[in-house]
Amino acid sequence: MSFRTKASTLRRLIIVLNMKIAVFPGSFDPITIGHVDLVRRALPLFDQIIVAVGVNSTKKYLFPLEQRMEWLLQVFAQDQKVSVDSFQNLTAHYCQRIGARYLLRGLRNASDFDYEKTISQLNHIVGNGIETVFLISQPEYSHISSTIVREIIVGGADATPFIPAEIRIGTLP
């Protein structure tokens with residue numbers, strides 16, 4: 001089943017069952033242990049969480065989309081309430097298309113809050129009332145970001161402490 005087919009199937013389920021569906025959007029370039037912690041802590045709040053890789057044609061990624069999708073599928077393979085998808089264009093429009101009413105976002109610090117608050121307000125307008133649920137990062141993960149992990153990888157250092165155990169990053173693509 002393709003990622004698009006899976007999203008279409010999920011949309012039908014959402015409409016029929018009126019489930020609480022959250023989208024956790026990001027580039028996940030790469031996914032970090034902070035991302036995983038956030039999703040797993042949010043599981044009791046929602047019926048389904050879609051970890052959705054946003055694709056921006058103007059952005060340069062360290063890892064190809066297919067690799068990032070495969071990592072997400074591996075990491076969340078045992079989590080029945082988590083699915084993986086990718087999308088282009090606006091996150092709010094993606095949520096509308098699949099019938100999700102919630103966005104899940106993590107906050108590591110005050111700077112994240114200021115940025116995410118603005119994005120949340122815009123998504124609420126553009127997404128016809130979509131709500132953003134913020135979870136504060138656990139202290140042991142608040143210093144971890146994909147940007148920092150990419151810098152560690154590009155610098156040739158060991159990123160293992162910051163990425164899920166299911167992921168093996170060898171040489172750069």
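1. β4, helix α5 (residues 110–126) and β5 form a right-handed β-α-β unit; right-handed means that, with the strands pointing away from the viewer, the path from the first strand over the helix to the second runs clockwise. Helices (H or I, at least four residues) and strands (E, at least two) are DSSP runs, numbered from the N terminus.

2. A word on the model: it is predicted, with local features needing pLDDT of at least 70 and side-chain atom pairs counting only at pLDDT 80 or more, while totals for chains, interfaces and linings use all residues. Residues are numbered from 1 along each chain as its sequence is written, and side-chain values use heavy atoms, leaving out hydrogens and water.

3. Now to the neighbours of β4. Strands pair if DSSP finds at least two bridges between them. β4 runs parallel to strand β5 (residues 131–136), joined by six bridges, with Arg 105 opposite Phe 134 in β5. Strand β1 (residues 21–26) also pairs with β4 in the parallel sense, over two bridges, and here Val 23 stands opposite Leu 103.

4. Strand β4 (residues 102–107) is mostly covered, with five of its six residues buried (buried is under 20% relative accessible area, exposed over 50%, partly exposed in between; 1.4 Å probe, protein chains only).

5. Helix α2 (residues 33–42) is mostly covered too: seven of its 10 residues are buried, including His 35, Asp 37 and Leu 38.

6. Back in helix α5, you will find Ile 125. Ile 125 is exposed, because its relative accessible area is 62%, against a cut-off of over 50%.
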